[in-house]
Every structure is written in structure tokens, then in C-alpha cells.
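Please look at the pockets of the structure shown here. The report below takes them in order of volume.

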Amino acid sequence: MDFRLSGEQELLRASVREFAEAEIRPHVMEWDEAQQFPLTLLPKLADLGLMGIQFPEEYGGSAMSAVDYSICIEELARVCPAVALSVAAHNGLCSAHIGMFGTDEQKRVYLPRLVRGEVLGAWGLTEAAAGSDAAGMRTTATRGGGEWVLNGAKTFITHGRVGGVMVVIAVTDRSKGHRGISAFIVEHGTAGMTAGKKENKLGMRASDTSEVIFSDCRIPAGQLLGAEGQGFVNTLQVLDAGRIGIAALSVGLAQGAYEAARDYAVERRQFGQPIAAFQAIQWKLADNATRIEAARLLTYRAAYLKDAGVRTTRESSMAKLFASEVAVKAADDCVQIHGGYGFVKDYPAEKYFRDVKLLTIGEGTSEIQRLVIARQLLAQ
Ligand SMILES: Cc1cc2nc3c(=O)[nH]c(=O)nc-3n(C[C@H](O)[C@H](O)[C@H](O)COP(=O)(O)OP(=O)(O)OC[C@H]3O[C@@H](n4cnc5c(N)ncnc54)[C@H](O)[C@@H]3O)c2cc1C
């Protein structure tokens, strides 16, 4: 076993960190308050290879590993969790679904545009009445005359408004239950597809989230992604990998919050000394640093196993569950260590505190991760 990153991986971390500090840090609050994803960032993210992190070079991708991917998402999240969320949804959901299950033709048509950052990818599973129970979805795709016709609505879709390509999961044969669900590639702007309500969110506000409505939306038969009836099964495989991304996002957010708390504790003086001199503060820092290292190891282990070709349902869920809850605690302690200054927007603490809550909810809540882990344990 070797717990060290390679020289190239250390270099990758340093270059993404430098980019995030220079191009993202100065704008974090401005983008949060505008509640707009900064589309001007796309070419810069693409130049660094962050719009196609794990995709083959033949499609213009960076052909990096899942461990590399985790490092990239972690470093973006350390500075701006909302940008990291958008990059993770683009890479780890939409593009990954096309990369894993698309035909050669679909990959040739869509991946280069996604990888170059010409379009943002969206991925639509959740519906208003079908979240954790995603297989209970109502959106339908009906075949007729060489086309599929989509009807229904998807809720809480990252890049629902600003995306260019969306993978949509819909029911194609209700009588077959989850084996009657299929995936489709739909281009934003297709007649019958409209963005609905833009969500006014607690956190992750620079990441676009909205409803997407399909009303007799006609797409060519060739837009079916993966085999008919395999859409839900494929979705679970996409989520196995996607959850490693959310675990990495959690580690990065926790690291950012921890560093902000540590720096503040060294500067802030009360009772004639830095608050970092008080054991109560030191223990918070020590506990957070230890938990973050444990979360990082679980995340890299899941990524390493994915790179080794192992199915990581259990490891991905464990990493996502643990890292997201570690991040919630780190953000909470960050506010606490800042005292009243943690409650105002002049310091980064309050934003980490708002952003972090999504991580125990998105791509499966903590309760659902426990359910997935328990099923894996009891199946053995
Ligand atoms: C900012 C943001 C971005 C998102 N981006 C996307 C996206 O791009 N694409 C997409 O498809 N979705 C997206 N989602 C949706 C997200 O994945 C869902 O919100 C999540 O899966 C939970 O579903 P729900 O909100 O319907 O909650 P519910 O499923 O209604 O859950 C409510 C509560 O009940 C609990 N619960 C439910 N079932 C069980 C059970 N069996 N056992 C124990 N407890 C249970 C849950 O854990 C939770 O605490 C996004 C959400 C947000 C907020």
C-alpha cells in the first residue's frame, strides 16, 4: 500500500488550487449573491481540462483517473463548493452517463462539446413526487414514428436553465417497474422542453438549479441512451461513481472551512491571547483535521477501487455518507470558532455553512446512503 499521491497528482492539486485561488476566490460572494452560474468560467475550466476530467483523449478529454477527479473536485470545493457542484454534475452525471453508456456516435457528437465547455451538461432523475424513490417517476417517453415523445417534469435539476445537453430518465414501460425505465439525450432548446421554476436556494447559489418541463417533446429514436429498459440500472452505476465526486466535494468544503477556522483562531485575540491558545478551540481544530483525513482516505479508496475496475456501490456510499457528515460538522465548527463574525457575510464561514447542507441530500440523502450500505452488508 502507498498512501502518498504521485508527483503528477501533487502537481495537479497545486495547479487546480492555484486556479481556484486566482480565478474563483475573488468572485465567490458576487456569484453567490447573483445566484448565477458564471458561464465566463467555462473556457477557463476547459483549458485546465476540468470539463472532461475522466473522458478519453479521443473526445478531447483529460483521461484522468477517479483519484485525479477527486483531487480536482476537492480543490474547487475548498474555494467554492457551488462551482465544484456544477463541475461535478457536468462531469460525473451528464457526461459520465453518455461516456459510460452512449454509442460511439453519441460519444462523438456530445462528449467533445461537453469537454470543451461549449455546453454544460444536466442530468434529470428527480421529480417533485419522486426523489429518494426515484423509480416512482412519472415522466414518460413514448415511441412513435421513429421518435420518442417525452412528457413530464424533472425537479431540482442542476443546469436545468443554463445547460446545453441533458440526460433525461423516463418511464418507457410502466408494467415493467424499474426495468421499464430508459435514458435519453435531449438538447436544450428542443421544442417541447422548457426550463421551469428557478430554485431560490439556501446554499450552492452559484450553481443553477431549476425544474425542466417536457410537453410533447419529440426527439429522434437515436437519442435513446443505453438499452431500452436499462435506464434505471445504468443510473445506479452512474451514481456509484457520482457519489465519489460528492464525497470529494465534501472533503474539499470541509478542508476550506477548517482552514478558515484555523486562520481565524490564530488571528483573533480574546482575554489577551489568540483564541487558538484555548484548548476548547484546539480540540475542535484537531477533531476536524482528523475527521477530514479519514473522509479523504475513504474517498480516495473508493476512487482507487473504481480505477481498478471494482464495483464500488458500498465504498462510494460509505465515502459520501461519512465525508458529507464530516463536512457539516466542519462548517458548523467554522462558524462557532468565528463567533459573531461567523454569522455575517464578511467572512467565508457563513457560506460554507449554507453550502454544506446540500451534501447530505444531493445524489442520495444520508438516510439513503445508509440504506444502500446496509443492503450491501446484508446481501453478503
Ligand atoms: C441543489 C440541488 C441540486 C440537485 N441536482 C440534481 C440533479 O442535477 N439531478 C437530479 O436528478 N436531482 C438533483 N437533485 C435532487 C436530489 O438528488 C434530491 O433532492 C434527493 O435525492 C432527495 O430527494 P427529495 O428531495 O425528493 O427528498 P425525499 O426523498 O422526499 O426525502 C425526504 C426525507 O425523507 C427521507 N427518506 C426518504 N425515503 C427514505 C427511506 N426509505 N428511509 C429513510 N428515510 C427516507 C430522506 O432521507 C429525507 O430525509 C438536486 C437537489 C438539490 C437540492
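On a 1 Å grid over the protein atoms alone, a pocket is an open set of points where a 1.4 Å probe fits, with protein on both sides within 12 Å along at least five of seven lines, and its lining residues have an atom within 4 Å of a point. Grid points are joined across faces, edges and corners, and a volume is the space filled by probe spheres set on the points. This is a predicted model, in which local features need pLDDT of at least 70 and side-chain atom pairs count only at pLDDT 80 or more, while totals for chains, interfaces and linings use all residues. Residues are numbered from 1 along each chain as its sequence is written, and side-chain values use heavy atoms, with hydrogens and water left out.

| Pocket | Volume | Lining |
|---|---|---|
| Largest | about 1300 Å³ | 47 residues |

Nearest the centre of the largest pocket lie Thr126, Ile361, Gly362, Glu363 and Gly364. Among the elements that each supply at least two residues to this lining are helix H5 (81–101), strand S3 (147–158) and helix H7 (231–267), and H7 gives the most, with seven residues. Helices (H or I, at least four residues) and strands (E, at least two) are DSSP runs, numbered from the N terminus.

Helix H1 (7–24) and helix H8 (279–307) are the elements that give two or more residues to its lining, and the largest share, seven residues, comes from H8.
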